[in-house]
Amino acid sequence: MRRLGLTILYICLGLVAVFQIFPIIWLFTFSLKTNQEIFAGNPFALPLDPKWENYLKVFEGGIGTYFWNSIWITVVATVLTVLIASMATFAITRMRWKLSGLVLGIIMMGLMIPIHSALIPLYNMFLNVNLIDNPLSIVITYVTYNLPITVMILYGFYTTIPREIEEAAIIDGSSIHRMFFSIILPISMPIMSTTVIINMIYNWNEFVFVNTFISSDKYKTLTVGIQNFIGQYMTDWGAIGATLVISVLPIIIAFLFFSNKIMEGITASAVKG
Amino acid sequence: MNIMNKVMSNKWIIFLYTLPAILLIAVLILIPLFLSGYFGLMKWDGIGAMEFIGLDNYIVALQDAKFWQSAKHSFLLAIFSGLSLIGYLAVALILASKLKGTNLLRKIYLIPMLLSSVAIAQLWIKVYNPSNGMLNSILMSLGVDNPPAWLADNDLVLFAIFVPIIWQYAGFYILIYYAALKNIPESLIEAAKIDGASPLQIAMKIKIPLVMNVFKVTIVLSFVGSLKYFDLIYVMTGGGPNGASEVMASYMYKLAFSSYDFGYGSAIGFLLLIITLIVTIVVRRATANNEEIQY
């Protein structure tokens, strides 16, 4: 009886797992097939003779530029976000001043707002300062819009740092800057790495800002770039599949290595809200 | 300790450390929100001069059938999303009940959440492809003669879009519930077992009440999140066919960046903000509780 119950539970969990994973496996297989194979065969079949040419075709089509843009924009925005958020969180949680609660509240307000409500004014601002179709607009928007979540994740850790650490540093004659950069930042490494990963995922996947602010191909990131590609490969399913795999592979690889960090970050970013 | 107090309340340092964050958030989030309301008072194509027309845009919006339709779709998605949370909680309850292999399962569940909405949308466009997609291939091999053209069908499209939304977020909510369930002290559950409670009773009487706080937070998250849905829908259907899957954000985006009606688009964007804030407050109130759980 107990065994039967367990089996049923496992079947339920297994079905959910199949539903979650199967479309991705299907994507990997059809990225290696020809149209004939995809259209005639059954969707569960593995590619008999993997068509790596599909990937070659996509790289020759110039996906490399989008890929590179995604990488550098993700990295630069993430570093800036985590640094700026760490500084702000430090001042809010460790320094003594009356308005710290208010400042925290203002930063946290950013969590609630729909970005579409700010999109037209943002576009107009960037237009006025000549930052439309300039990757700088993307980087500073990413930094700004990820600050609230980053501060939120850091906040919990910063409030637990023992006062004695700061006291010892100050008695030793260290300046606040030195204390922040050579003591606080290093001890916050574990939580910082969580925010780094969360930021990277957000930035890598962002779509609306790039789609709105960037028009030249040379500045587009993968999320918008793959739209062009797919438009141009209309009926070539293999090439479309390869494009999608290239765009999601870095995230999946990162997940294989950092799954615990990622799960921790996602949990932290949600529950405290 | 005086020196400590003095150093740690150095105004200049506080200013320096918070300035970048405050400045960015003020300039790129708060001011644009106010400007959105202000631009909503204008007749404006985004390039030429603005012409002040008072509340006209807002009045037009309130009589705009397309806007109400998109709002209805947004709220339908929000309600669906809210209801689907019950399913995620059920899965998390099974997952957290000391089975083996759950760590791997949680990871598998989470993978779709990490992919970009654009990639998810493109993948599901293929899944739903009427003649060669995964879904209809399966249906046809099961003997269904005329499977529907999911994304081109006025009546089915919203439902068809909701499936990848579930697909994307299921792992996220399951993960959150799982973490909350694992926080329940083992001793409580052991005590109930000794008293002869069945697994179902333990789930209903102990586990669910104890994760209720987290559940309420996720109701707010999913409800408010749904009102902002954009990427996936914009890429999958562009709001079509005939507006059958238009949501508030996609309607606003089209007005601004396809029709260049920046004034009206801003008004819709501002209404989106107001609606989101009201809903946030209402849902928070409705799910608020004053009990603090202490173990």
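1. In this predicted model, chain A and chain B bury about 8,400 Å² between them, and 80% of that area lies on carbon and sulfur atoms. By class, the side of chain A that touches chain B is made up of 70 nonpolar, 18 polar and 5 charged residues. In terms of contacts, 93 residues of chain A meet 92 residues of chain B.

2. How many salt bridges and polar contacts link the two chains? The count of salt bridges between chain A and chain B is 0, whereas 20 residue pairs are found in polar contact across the interface, with both partners at pLDDT 80 or more.

3. Helix H6 of chain A, which runs over residues 116-128, has 13 residues and reaches 19 Å from its first C-alpha to its last, a span close to the 18 Å expected at 1.5 Å a residue. Because 11 of its 13 residues are buried, H6(A) is largely enclosed by the rest of the structure. The buried residues include His116(A), Ser117(A), Pro121(A), Tyr123(A), Asn124(A) and Phe126(A).

4. Which elements cover the buried residues of H6(A)? The cover includes helix H7 (135-158) and helix H11 (208-213) from chain A, and, from chain B, helix H2 (11-39), helix H13 (248-257) and helix H14 (262-287).

5. As background, most residues other than glycine have a negative phi. Is Asn130(A) buried or exposed? With a relative accessible area of 67%, Asn130(A) is exposed, because that value lies over the 50% cut-off.

6. Ser247(A) is placed in helix H13 of chain A, which spans residues 237-271. Its relative accessibility is 6%, so Ser247(A) counts as buried. Leaving aside residues up to four places away in sequence, Ser247(A) touches Trp204(A), Leu222(A) and Ile226(A) of chain A as well as Ala119(B) of chain B.

7. In chain B, a cis peptide bond joins Gly240(B) and Pro241(B), with omega at about -10°. Most peptide bonds, by contrast, are trans. Pro241(B) is located in the loop between helix H12 (231-236) and H13 of chain B.

Key
Residues are numbered from 1 along each chain as its sequence is written. Chains are lettered from A and ligands numbered from 1 in the order in which they are written. This is a predicted model: local features need pLDDT of at least 70, side-chain atom pairs count only at pLDDT 80 or more; totals for chains, interfaces and linings use all residues. Side-chain values use heavy atoms; hydrogens and water are left out. Contact means heavy atoms within 4.5 Å. Buried area is the accessible area (1.4 Å probe) that two parts lose on being put together, summed over both. A salt bridge is a side-chain nitrogen of Lys or Arg within 4 Å of a carboxyl oxygen of Asp or Glu. A polar contact is a pair of N or O atoms within 3.5 Å; within protein, one must be able to donate a hydrogen and the other to accept it, and residues adjacent in sequence count only if both atoms are side-chain atoms. Ala, Val, Leu, Ile, Met, Phe, Trp, Tyr, Cys and Pro count as nonpolar, Asp, Glu, Lys and Arg as charged, and the others, Gly among them, as polar. Helices (H or I, at least four residues) and strands (E, at least two) are DSSP runs, numbered from the N terminus. The expected span of a helix is 1.5 Å times one less than its number of residues. Buried means under 20% relative accessible area, exposed over 50%, partly exposed in between (1.4 Å probe, protein chains only).
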